[in-house]
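Subject: Structure for you to look at

Dear colleague,

Please find the structure below, followed by an account of what came out of going through it.

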Amino acid sequence: MAQPSSCVSPYDSRLFADDLDVSKAYTEALRKAGCLTTEQCSSILTGLELIRYDWIEGLLKFSPTDKDVHTINKRRLTEIIGEVGQHLNSGCSRNEQVLTDMKLWLRKAINALLARVQCCIEAILEKAEQHLGVLMPAYIDLQRVQAVQFSHWLLSYAWILREDYLRLKEQEKLLLVSPLGSGTVAGNPFHIDRVWLAKRLGFTSVTENSLYAVADNDFMVNFIYYSSMLSLHLSGLAEEFVIYSTKEFDFLTLSEQSSKSNRLESDSISMELVRGASVQICACLTGIMMITKSLRTSCHKDWQCDKRYCFETFDALQKALRITANALRDFAKRESLDITEIPLEELQNICPRIDRDIAKVADFRDIVEQYDVTGGTASTSVQKQIELLKDFVTSLKEDQ
């Protein structure tokens, strides 16, 4: 009967540091509330640091009775310091503990993803400035409809990624509310100072209802949802990258440096992996939403299966962002020849009726410059976009 209740997986090791940090803070809160002596508190804190060493060195062995990362740590603590280890997290449920662990882990995960999104935006800005004035056709249903600046096309994805960045950043607010001290369903009976405990772990507030607190995994669902939106946008960029680098379109090519590197890391084939990542992440969204359906307040065994979707989403999205940033930095716009640069004699060999006034109707640069409204494809409008996005990136760096 021990095996079915165990949900320990390779994913659990990713939470070990956060779980140890939460246990240390809660131990200090127990001492502050008079539930532990100074000696007991010191013994537990020392034991928890020894467990951290065991995790780092790969010395910890899982037991069939281990239900999650917290039970592993508690079992090992008792093995190290004896009966005093049983006092670890008195009055604290595994569910609230692991939810707190996840919030701490997600803070770091989101910050890592935001840094990669920022790298993609910066790469786009660099290329947009380099190719200012270069033209390309815009497409509707893969049919050419109008000339635009190549930089204008690139910047469209910078604006999309900007919105993705802001959405992910907004999720940090949900990760600053601490559920710790909610107990199993009814709260904590040991007069734990929840506000002090929350601040000790970097939270800004606490949950106001224990049943809600131990049942709330919305922050995980939201993280995966906004990650899935980001992955879909990366997939759209990847699709255009793949199409435009084919012989049929031939707009993009690899730089010399990129073409000498690992093919799977640099060219359009790697961008196909970005498209595939969006499938995996959207599948994670479906998975966690199906776990969440029909579950009411308080904790359920179903919650033991939701963490993996966050970890899988993070891994897939981080890889997709890394590949995208590399591709954006390494690609080159293939040179093209404007019709006005072709000698008139050569044009007349194609059609004798062509005369010097061809430049008045076929100079797409003049046509593009007519669209100088805010958000347009004229050089002044594109330059304004670049300036606005640079200001956005600068503000991000100032906040870091």
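Helices and strands are DSSP runs numbered from the N terminus, with at least four residues of H or I for a helix and at least two of E for a strand.

Before going further, please keep in mind that this is a predicted model, in which local features need pLDDT of at least 70 and side-chain atom pairs count only at pLDDT 80 or more, while totals for chains, interfaces and linings use all residues. Residues are numbered from 1 along each chain as its sequence is written, and side-chain values use heavy atoms, with hydrogens and water left out.

From its first C-alpha to its last, helix 13 reaches 35 Å, close to the 34 Å expected at 1.5 Å a residue, where the expected span is 1.5 Å times one less than the number of residues. Asp 330 lies in this helix, which runs over residues 307-330, and with a relative accessible area of 18% Asp 330 is buried. The C-alpha atoms of Asp 330 and Ala 123 are separated by 9.3 Å, although the two residues are 207 apart along the chain.

Helix 5, with 37 residues, reaches 54 Å between its first and last C-alpha, close to the 54 Å expected for it.

**The chain as a whole**

The chain holds 17 helices and 6 strands, and buried residues make up 47% of its 400 residues. Among the contacts in the chain with a separation of 6 or more, 77% come from residues 24 or more positions apart, contact meaning heavy atoms within 4.5 Å.

**Helix 17**

The 21 residues of helix 17 (residues 379-399) should span 30 Å at 1.5 Å a residue, and the end C-alpha atoms are 30 Å apart, which agrees. Its buried residues are Ser 381, Val 382, Gln 385, Ile 386, Leu 389, Phe 392, Val 393 and Leu 396. They cover an arc of only 140° around the axis, which puts them on the same side of helix 17; the arc is that of the directions from the helix axis to the C-beta atoms. On the other side of helix 17, Thr 380, Asp 391 and Glu 398 are exposed. The buried residues of helix 17 pack against helix 5 (94-130), strand 2 (143-149) and helix 6 (150-170).

**Helix 2 against helix 3**

Helix 2 (residues 16-32) and helix 3 (residues 38-57) pack at an angle of about 180°, with their axes 10 Å apart; the axes are lines fitted to C-alpha atoms, for helices over the stretch in contact, and the angles run from 0 to 180 degrees between N-to-C directions. Helix 2 and helix 3 are therefore roughly antiparallel to each other, a term for angles over 145 degrees, with under 35 counting as roughly parallel, 65 to 115 as roughly perpendicular and the rest as oblique. Residues making the contact include Phe 16, Leu 20 and Arg 31 of helix 2, and Cys 41, Leu 48 and Trp 55 of helix 3. By class, this contact has 10 nonpolar, 3 polar and 6 charged residues, where Ala, Val, Leu, Ile, Met, Phe, Trp, Tyr, Cys and Pro count as nonpolar, Asp, Glu, Lys and Arg as charged, and the others, Gly among them, as polar.

**Individual residues**

Most residues other than glycine have a negative phi. Asp 141, in the loop between strand 1 (135-140) and strand 2, has a positive phi near 55° and counts as exposed at 71% relative accessibility. His 191, in the loop between strand 3 (177-178) and helix 7 (194-200), also has a positive phi near 55°, and His 191 is exposed, with a relative accessible area of 73%.

Ala 198 lies in helix 7 and counts as buried at 1% relative accessibility. Leaving aside residues up to four places away in sequence, Ala 198 touches Ser 178, Phe 203, Ser 205 and Val 206.

Notes:
Buried < 20%, exposed > 50% of the residue type's maximum accessible area, 1.4 Å probe, protein only.
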